[in-house]
Amino acid sequence: MPNFKPMADGFKQILGIRFYTGDLKGLLHLTLRGGLIVVPSAPVLADLPDNPAQREALERSDFAITDSGFLVLLWLLFKRERLPRISGLRFLRGLLDQPEFRQPGATFWIMPSAEDARANCDWLNRRGLAVGPDDCHTAPMYPPGRLEDPVLLALVEARHPAFVIINLGGGVQERLGYFLRTHLSYQPAIICTGAAIAFLSGRQARIPVWADRLMIGWLLRSLHAPAKFVPRYWKSLRLVRILLASS
């Protein structure tokens, strides 16, 4: 059998990003402390050399979680280290069961569209998490580069939620989260779980627990919307070269 090196507890620096390498229980405990928590996919990591604003947001986050199964596999192949994987979907499922997360007014959700907001909020309310229109913000189309959204900033400041969950696409949500992290007067947990809520509410392809564990969520998304996701995941192959160059 190959002699893989064990992964030390705590954090691991990969591509300049501080990745959490503990278990889900520890991750949920850390989340209660607040800060910017990013969940970069393989396509987002593959875009780092060409996107300085995205790189800045990821490098200056409090930490990232190992959502990308492709990153986990490549790290095992190239570095002979096992990265414990926690997907954004598993992370969100864990958060939804936390008493602190379920308190009235504790969460504020940033949605990609009014339709997504309605569907996602309906699903959350059916799960017993009271999320009303005042607990959501529909994001505009953000431009490339560093982001600013003073309207959103004022909303979050006024409501003072303990958790801000950003449900936007990878490459956007991290930059928005970094803007909030650097401009808010307090430190909530700013959680960039992207489409995870849409997998649960049915707005995107449903990903069962077994498929998430097998790291084939990308395949289900590609089968569900090939024109959208196949090119995106094809681009992630650049991550091979990026990781080799960082060795």
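At 36% relative accessibility, E59 falls in the partly exposed class, where buried means under 20% relative accessible area, exposed over 50%, and partly exposed anything in between (1.4 Å probe, protein chains only). R55 is partly exposed too, with a relative accessible area of 27%. These two form a salt bridge, their closest N and O atoms lying 2.8 Å apart; the term covers a side-chain nitrogen of Lys or Arg within 4 Å of a carboxyl oxygen of Asp or Glu. Both sit in helix α3 (residues 52–59), and because they are four residues apart there, about one helical turn separates them. Helices here are DSSP runs of H or I with at least four residues, strands are runs of E with at least two, and numbering starts from the N terminus.

A word on the basis of all this: the model is predicted, so local features need pLDDT of at least 70 and side-chain atom pairs count only at pLDDT 80 or more, while totals for chains, interfaces and linings use all residues. Residues are numbered from 1 along each chain as its sequence is written, and side-chain values use heavy atoms, with hydrogens and water left out.

Now for the other salt bridges. A search of the whole structure turns up eight of them. One of these joins E56 to R60, with 3.5 Å between the closest N and O atoms. Salt bridges with shared partners tie E56, R60 and R146 into one network.

Another salt bridge runs between E81 and K12, whose closest N and O atoms are 3.2 Å apart. This pair links distant parts of the chain, 69 residues apart: E81 belongs to the loop between α4 (69–79) and α5 (88–96), and K12 to strand β1 (residues 11–14). E81 is buried, its relative accessible area being 10%, while K12 is partly exposed at 23%.

Strand β2 (residues 17–20) runs antiparallel to β1, and the two pair over four bridges; for strands to count as paired, DSSP has to find at least two bridges between them. The hairpin they make has two residues between the strands, and L15 takes a positive phi near 55° in it.

On the far side of the E81 loop comes α5, a mostly covered helix in which seven of nine residues are buried. The buried set consists of G88, L89, F91, L92, G94, L95 and L96.

Zooming out, the protein chain contains 13 helices and eight strands. Of its 247 residues, 52% are buried. Along its principal axes, the C-alpha trace spans about 55 × 35 × 35 Å. Among contacts (heavy atoms within 4.5 Å) between residues at least 6 apart in sequence, 73% join residues at least 24 apart. Finally, the accessible surface comes to about 11,900 Å², with 57% belonging to carbon and sulfur atoms; areas come from the Shrake-Rupley method with a 1.4 Å probe, and for residues only the protein chains shown count as cover.
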